There are 2 protein chains.
Amino acid sequence: MDKLTVVKVGGKIVEETESLQRFLNDFKTISGYKILIHGGGRTATNIAERLGIETRMVEGRRITDRETLDVVTMVYGGLVNKNIVAGLQAKGCNAAGFTGADLDLIRAVKRPVKDIDYGFAGDIVDVNIRELRVIINEGVIPVIAPLTHDGSGQLLNTNADTIASEMAQALSSHYDVRLIFCFEKEGVLLHPDDEKSVIPELNRSLYAEYKAKGIIAAGMVPKLDNAFQALMNGVKMVWITNARNLTKASASGTLIRPDE
Amino acid sequence: MDKLTVVKVGGKIVEETESLQRFLNDFKTISGYKILIHGGGRTATNIAERLGIETRMVEGRRITDRETLDVVTMVYGGLVNKNIVAGLQAKGCNAAGFTGADLDLIRAVKRPVKDIDYGFAGDIVDVNIRELRVIINEGVIPVIAPLTHDGSGQLLNTNADTIASEMAQALSSHYDVRLIFCFEKEGVLLHPDDEKSVIPELNRSLYAEYKAKGIIAAGMVPKLDNAFQALMNGVKMVWITNARNLTKASASGTLIRPDE
C-alpha cells in the first residue's frame, strides 16, 4: 500500500504568518501522500469577541450556539483554511480545502444534551473517503477544517484531533497511514511545565499507568485516546511532537505504539 | 461532449435561508454535469460593519484592503460557500466548495492601481481545470466562491460573474457548456423599473445598439460583456434570468445569442 501521512496541526501554529510559513515548508518535505487537518480556535475566539459574541468553553470544548457556529464556519472553513491552501499553492503543493460537508466527507450528529448543551457540536458517525481518494491519488493535498455536517443541511463544529484520528482510520484500509499530531509543545510531557521531560514512547499500558497516577491529564487525554483508537483501527504509527520537529524522522516527541 | 451547466447565482438569493432552499431545489433538477458560482456581498458588508470595517464600493466593485480581504475570505469561502455545500448535500447532491486557490483553480493578478486602488482585487490570468474535471466526472458538483489567488500565497477578491464566464470558457473545451446568470430580476430589462420589459433575446449588434442608446447601462454592462466573451470562446448558450425560472427551459429571461 502507498504511504500516507495525516498531519494535525494546532491552531496557534497556523494562525500566525511566520509559524505558518515555517510549518508549511516542513510539511512540504513529507514524502508520499499527505493530508493536513487544522484548528483555528484562537482566531475564532478573537473574531467572536470583535463581533460581540461571548465565547464559552467547557473542558476545552467550545459551546457552539448558532452565532458561534457562523463564526467557526467563517474562521475555520474560510479564513484559516484558505490561507493554508494559498500558502501551500505558493510552495508548489496542489492543496484543496474541505470541511466535512464537502464531498460528504464527514457526517456527524449534533451532540446529545446531557449535563451540558454544547450546541452545534458534532460527534462523528461516518467518514466517506470515496471521492477524497480519487483526489489524493491525483496528487492533491486535502486541507481539512474542523467542521462536519449532519446530512440534513446542518454544519457542526467538530474537534480537529478527533477528525484527524477518524480520517486516519478510514484511510488505513487503502494506505499505509501514519498520524502526526503536531503542536507547540515538545510531545507528551512527564511534567507539564518541563519541555525536556518528553515521554519518548507510550503504549497503552504505560498510558493507563500515567493516567492513573495523574501524570497525564487535562487536554492530553482526549488527544491520546484519539491516538490509541487510531492504532487499534489500522493506523500504523502515531507521533505527537513539536511542529518544528516535523522533518526529523525520530529522536523527538512522543511515539505512540501499540502494545507488544 | 457531455453537457455541463455553469450557474452563477447572486448573493441575495443564497444569503437568505428561504430563497437559498428554493434555489437549491431548482438547481438540483438541472440534468447533466453542473457547477455553481456564488456571490455573498451583502453578508460581507454586514459582517464588515459589525467588525467596524468600512465598506467602500466604486462602480459596484469592493475596495478590498487587508481587513476587507479577511472578511470576504471568511464570508465567501466559509460562511456562504459551506452553507450552500451542506444544503446541496442535504438534497442528495454531492457538492464540494472551492475558491480559486483550491486545486490552483484560478490564478489572478492584483489589479494594477490606476485611478483607483482596489486593494486585493484579482484580475484572472489563468483557469486550471485539470483536477476539477476529474472531480466533475466523479459526479461531484463544484461550488465556487468568488476568491482567487496569485500563486504566491496571496488570496484575491474577484468578481463572481467574471469567474463564472472564465470557468465556462475553460470548461467548453471538454464539455458542451451553457452559462446561466440567475438573480432577482427577470432578465435584461428595457426599462430598469419594469420587470415586464424583459428583452427576450440579445445578440452583439442589438447589445451595441441598446448600449449606445443608454438603455443597457450600469451593472448590466459587465455582466453582458462577460456573457458575450463566453459565447466568443466556446460557450454554447448564455441565459440571464430570475432564479425561480431556473427550471423553465425557455420563455423567460434573456437569451444571449452569438451573431448569426
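Mentor: In this predicted model, E59(A) is found in the loop between β3 (57-58) and β4 (61-62) of chain A. Its phi is near 50°, a positive value in a residue other than glycine. Is E59(A) buried or exposed? E59(A) counts as exposed, because 9 other C-beta atoms lie within 10 Å, and a residue is called exposed when that number is 12 or fewer.

Chain B has a corresponding entry to examine. E59(B) lies in the loop between β3 (57-58) and β4 (61-62) of chain B, and E59(B) also has a positive phi, of about 50°, although it is not a glycine. With 9 other C-beta atoms within 10 Å, E59(B) is exposed.

How are the two chains related? Chain B can be laid on chain A with an RMSD of 0.0 Å, by a turn of 180° and a shift of 0.0 Å along the axis. The two copies are thus related as by a two-fold rotation axis. The same surface serves both copies, for 100% of the contact residues of chain B recur in chain A.

That contact takes 37 residues from chain A and 37 residues from chain B. On the side of chain B that touches chain A, the elements giving two or more residues are α4, β5, α5 (130-137) and β9 (147-149) of chain B. The largest share of this side, 14 residues, comes from α4(B).

It is therefore reasonable to look at the two helices together, since two packed helices are described by the angle between their axes and the distance between the axes. Helix α4 (residues 66-90) of chain A and helix α4 (residues 66-90) of chain B pack at an angle of about 115°, with their axes 7 Å apart. The crossing of α4(A) and α4(B) is right-handed. Among the residues of α4(A) that meet α4(B) are D70(A), T73(A), M74(A) and G77(A); those of α4(B) that meet α4(A) include D70(B), T73(B), M74(B) and G77(B).

In chain A, an open sheet of 8 strands has the order β5-β8-β2-β1-β11-β13-β14-β12, with mixed pairing. Its edge strands are β5 (95-98) and β12 (201-202) of chain A, each of which pairs on one side only. Further inside this order, strand β1 (residues 3-9) and strand β2 (residues 33-38) of chain A pair in the parallel sense over 6 bridges. V9(A) has H38(A) as its bridge partner in β2(A). Helix α6 (residues 160-171) of chain A lies across β1, β2, β8 (141-144) and β11 (176-183) of chain A, and runs at about 175° to β1(A).

In chain B, 8 strands form an open sheet in the order β5-β8-β2-β1-β11-β13-β14-β12, and the pairing is mixed. Strands β5 (95-98) and β12 (201-202) of chain B stand at the edges with a single partner strand each, so one side of each is left without a neighbour in the sheet. The partner of β5(B) is reached through 4 bridges to β8(B), and the two strands run parallel. Within that pairing, A95(B) has I141(B) as its bridge partner in β8(B). Which way do the residues of β5(B) point? A95(B) and G97(B) point one way from β5(B), A96(B) and F98(B) point the other way, and all are buried.

Helix α6 (residues 160-171) of chain B lies across β1 (3-9), β2, β8 and β11 (176-183) of chain B, running at about 175° to β1(B).

Finally, consider the nonpolar core. In soluble globular proteins, nonpolar side chains tend to be buried together. Of the 172 residues in the largest nonpolar core here, V6(A), M167(A), V6(B) and M167(B) touch the most other members. Leaving aside residues up to four places away in sequence, V6(B) touches residues including I35(B), I37(B), A164(B), M167(B) and L179(B).

Notes. Residues numbered from 1 in each chain as written. Chains lettered and ligands numbered in written order. Predicted model: local features only at pLDDT ≥ 70, side-chain atom pairs only at ≥ 80, totals over all residues. Pairing = 2+ DSSP bridges. Contact = placed C-beta atoms within 7 Å. Axes fitted to C-alpha atoms, helices over the stretch in contact; angles between N-to-C directions. Core = buried A, V, L, I, M, F, W, Y, C linked by C-beta atoms within 7 Å. Buried ≥ 20, exposed ≤ 12 C-beta atoms within 10 Å, placed from the backbone. Least-squares fit on C-alpha atoms with pLDDT ≥ 70 in both. Left-handed = near helix turned anticlockwise from the far one by under 90°.
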